[in-house]
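Hi,

Here is the structure I promised to pass on. Have a look, and my notes follow below.

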Amino acid sequence: MSFFRGVSSLSKLRSRLNQSNNNLGNSVRWLQMQSSSDLDLKSHLKELIPEQQDRLKKIKSDHGKVQLGNITIDMVIGGMRGMTGLLWETSLLDADEGIRFRGLSIPECQKLLPAANPGGEPLPEGLLWLLLTGKVPSKEQVDALSQELRSRATVPDYDALPVNSHPMTQFATGVMALQVQSEFQKAYENGIHKSKMHKDGKVVQMDDSLDYGGNFSHMLGFDDPKMLELMRLYVTIHSDHEGGNVSAHTGHLVASALSDPYLSFAAALNGLAGPLHGLANQEVLLWIKSVVKECGENISTEQLKDYVWKTLNGGKVSKLYEVVPPILTELGKVKNPWPNVDAHSGVLLNYYGLTEARYYTVLFGVSRSIVLALRALGLPLERPKSITMEWLEKHCKKAASS
């Protein structure tokens, strides 16, 4: 639970927990109604996907002309920020209450999803089941899914990249190399319809007794039970964050062209590698180290405030949840000044011994692999309309004269 306390401010956490206590009973009752004893995830999806496809068709046919809001020039120029333009079933982000996975908050996921240890952090496989089906799985279902994933863990033995390649370059290249044996690509070349397509130099061997997050920690060389728990929670809460962020949107965009999951995921990883997206936790850790180096460990609040202003005036953005939110509010450019998971995840990884900061984004990418290939609803090719500045000027002139 200590890791979650870094995800949101303490005051909002108290408020959210009070609300969740009132709503959790209803959530549990709904999820229990959805439960099933079948251990095979594929059989659940085979039943659920046609239902959701019909639901989407009905929404489009009955309400296709309903307007969702107005689009302003600020939105167009500002990278479509705040513009409602994507369907993303697995999660929904609220600026005040945080992320919800299929309607469940992080505390609710911690309470309801199966864990490796009694009272421990949720298993990533449990969240994968929840995201795919909308149902909370049993421990037996999660164990069966873990075994299924382990059975698919063997990869081809290709020649290595230069040892000084950035970890994200190695990750994306490895994913692209797997595309050579893609079953999706083979199926497409054989003419299958798109609606049928959804189905240090030393390597530490996988442990068949461990789950997805636990094995990831183990194969990184960390077997401390606390590190295994941290990695389970890390992978779980980094798996999805709505559909508009760079990596999720990139994966969705590329997949809309029927590129197979390897190509879609690799494209998403290249977006994730950017310093304004997936490198945030690494940048936070480096920023904190720079504070200590310049100001010492016994820094006062005023000294920290001055250093934050120095950082912001230098064109960089970093967050510390006690000092920075009021400054960001004073800056006037930030709608939600409260820290997200990046403010603490890199610090925690460093504390438990994973000090190679360049590798942190790989952990992020491994987490995102859970949902980036989801496209079972068969949404169409994404093709938004673009305009020029001349078009905008003419449109504004016309609007002003009318």
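Leu258 sits in the loop that links H11 to helix H12 (261–272). What made me stop there is its backbone: phi is near 65 degrees, a positive value in a residue other than glycine. Keep in mind that this is a predicted model, so I'd look at that spot with your own eyes.

You'll find Glu242 in the loop between helix H10 (225–237) and helix H11 (246–255). With a relative accessible area of 24%, Glu242 is partly exposed. For context, most residues other than glycine have a negative phi.

On to the aromatics. How many aromatic pairs does the structure hold? There are two. In one, the ring centres of Phe171 and Phe265 lie 5.8 Å apart and the planes stand at 85 degrees; anything over 60 counts as edge-to-face, so that is what this pair is. Both Phe171 and Phe265 are buried. The other pair is made by Tyr351 and Tyr352, with ring centres 5.1 Å apart and planes at 90 degrees, so this one is edge-to-face as well. Tyr351 is exposed, at a relative accessible area of 65%, while Tyr352 is partly exposed at 27%.

Last, a helix pair. Helix H2 (residues 41–63) packs with helix H5 (residues 124–133) at an angle of about 15 degrees, and their axes are 10 Å apart. Since angles under 35 degrees count as roughly parallel, H2 and H5 are therefore roughly parallel to each other. The crossing of H2 past H5 is right-handed.

Which residues meet there? From H2 come Leu41, His44, Leu45 and Leu48, and from H5 come Trp129, Leu132 and Thr133. Sorted by class, that contact has five nonpolar residues, two polar ones and no charged ones. His44 and Thr133 are the polar ones, and the leucines and Trp129 make up the nonpolar set.

Over to you for a look.

Cheers

How values were computed: Residues numbered from 1 in each chain as written. Predicted model: local features only at pLDDT ≥ 70, side-chain atom pairs only at ≥ 80, totals over all residues. Heavy atoms only, no water. Axes fitted to C-alpha atoms, helices over the stretch in contact; angles between N-to-C directions. Helix = DSSP H or I, 4+ residues; strand = E, 2+ residues; numbered from the N terminus. Parallel < 35°, antiparallel > 145°, perpendicular 65-115°, else oblique. Left-handed = near helix turned anticlockwise from the far one by under 90°. Contact = heavy atoms within 4.5 Å. Phe/Tyr/Trp six-rings, centres within 6.5 Å; stacked < 30°, edge-to-face > 60°. Buried < 20%, exposed > 50% of the residue type's maximum accessible area, 1.4 Å probe, protein only.
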